[in-house]
Amino acid sequence: MSLFRRSRPVEDRALTRASVPGAMLPYAAGSGQPIAPDAALRIADAYACIRALSDTAASLPLVAYARTAQGGRERFDGRLADLLERPSPGATTANLVGTIVAHLNLFGNAYLGKYRDARGTVTQVAPLHPAAVTVKLDAGQPRYTRMGAEGVSEHGPEDILHIRGLSVDGLVGLSPIAQARQALGLSQALATHADAFARNSGRPGGILAIKEAAEAAEALDFKQKFAEGFAGENSGRVMVLSGEGIAYQQLALSMSDAEFVGQRQLSTAEIARVFRVPPWMIGAPSGDSLTYSNVEGQAQAFVTFSLAPWLTLIEQAITADADLSPRGVFAEFLLDGLLRADTATRAAVYTAALDPATGWMTRAEVRARENLPPEPGQTPNLGGTPA
């Protein structure tokens with residue numbers, strides 16, 4: 001089985017700072033460089049946001065449909081359905097969707113390699129690491145350069161399915177990690193400071209006074225040794241001074257006085273805003289009093305404004321790929337599980353839907369939506385309604 005159909009090797013090339021993908025560059029505070037995705041995942045707030053989006057998307061069924069001659073739709077049981085159910089050996093639909101959403105939030109791009117058999121039929125799809133793929137336009141067609149264990153090779157859309165996020169050039173998606181590097185860097189710096197503060201017993205610094213005159217060189221040397229021993233990550237160490245005219249005064253500066261806790265909360269809210277995730281979903285204070293009713297409303301808002309845009313990108317990319325979706329076939333996520341109302345609300349809706357004069361559903365369709373078996377002697381006729 002071949003991974004790609006028309007791949008062709010290209011010359012080996014050395015990576016420079018100008019040619020290396022931005023996602024592979026490490027982050028340095030104040031350098032303006034993007035933060036690396038693996039470093040972003042070590043930031044608790046960013047990890048929580050990405051996991052909330054990825055895990056929720058992975059929990060949704062991704063179903064293949066075919067349009068009917070009457071304008072409705074029905075479940076499709078062809079090759080796309082098989083690929084969505086079993087994307088590759090050892091992988092499930094949840095694995096595939098979760099990885100795609102994680103790649104989109106980390107890199108702004110997700111790539112699926114099309115694995116073909118000897119007849120050229122796509123029998124497997126698997127994610128490719130975005131840091132190993134670069135994109136360029138060649139005669140109006142996207143060309144993908146992939147760096148893999150077997151070397152460097154070039155491919156076209158017939159080999160790679162590209163799902164891109166927000167883009168300014170229509171070719172490559174913008175990495176949320178790179179665009180929000182200042183917010184992520186601040187969160188990382190705050191976490192590092194908190195760790196150093198706790199490891200040094202939480203003792204604040206103080207004032208070092210040299211009361212008697214000293215030679216400039218001697219004072220400079222003492223200042224340098226003091227900084228090396230008691231500044232930065234070494235701040236808070238117990239200090240023992242010897243010498244005439246040297247005094248140390250500790251400052252009683254607490255963490256709350258420094259507004260550290262408030263700054264951490266503000267940083268968490270800012271990262272949640274970057275990923276468009278409600279703060280309460282990652283355990284951060286939202287400033288609102290949450291009740292059953294408004295939590296349900298916020299959950300629906302999360303699906304509508306946070307999750308649905310990513311799901312739409314995935315649906316349309318799969319549907320637009322002729323190798324995966326023949327004409328009239330499309331993929332769609334089922335959001336019923338997330339948007340499912342409470343029992344009383346569903347009962348009221350079904351009562352109106354079954355009304356003999358104005359209703360739009362049958363008892364069989366209602367039972368199918370509620371995952372109930374058909375009534376004796378009846379077969380559910382779902383028509384254009386998803387189960």
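## Basis and confidence

The model is predicted: local features need pLDDT of at least 70 and side-chain atom pairs count only at pLDDT 80 or more, while totals for chains, interfaces and linings use all residues. Residues are numbered from 1 along each chain as its sequence is written, and side-chain values use heavy atoms, with hydrogens and water left out.

The protein has a mean pLDDT (the predictor's confidence in each residue, from 0 to 100) of 77, and 64% of its residues reach 70 or more. Confidence is lowest in strand β1 (residues 8-9), with a mean of 54, and highest in strand β9 (residues 160-164), at 96. Strands (E, at least two residues) and helices (H or I, at least four) are DSSP runs, numbered from the N terminus.

Over residues 11-18 pLDDT stays under 50, and the model has ten contacts (heavy atoms within 4.5 Å) for them beyond four places in sequence. Residues 382-387 also stay under 50, with 14 contacts beyond four places in sequence.

## The β3-β2-β12 sheet

An open sheet is formed by three strands in the order β3-β2-β12, with antiparallel pairing. Two strands pair if DSSP finds at least two bridges between them. β3 (73-75) and β12 (329-333) are the edge strands, each pairing on one side only. From one strand to the next, the twist averages 40°; axes are lines fitted to C-alpha atoms, and angles run from 0 to 180 degrees between N-to-C directions.

Strand β2 (residues 62-67) is joined to β3 by three bridges, and Ala66 has Glu74 in β3 as its bridge partner. Five bridges pair β2 with β12, where Leu62 stands opposite Phe333. Four of the five residues of β12 are buried, that is, under 20% relative accessible area; exposed means over 50% and partly exposed in between (1.4 Å probe, protein chains only).

## Salt bridges

The structure holds ten salt bridges, each a side-chain nitrogen of Lys or Arg within 4 Å of a carboxyl oxygen of Asp or Glu. One of them joins Lys114 and Asp323 at 3.0 Å, N to O. Lys114 lies in strand β4 (residues 109-116) and Asp323 in the loop between α9 (292-320) and β12, so the pair ties together parts that are 209 residues apart in sequence. Lys114 is buried at 1% relative accessibility, whereas Asp323 is partly exposed at 22%.

Arg119 and Asp117 form another, with their closest N and O atoms 3.7 Å apart. Arg119 is exposed at 74%, while Asp117 counts as buried at 18%. Salt bridges with shared partners join Lys114, Arg116, Asp321 and Asp323 into one network.
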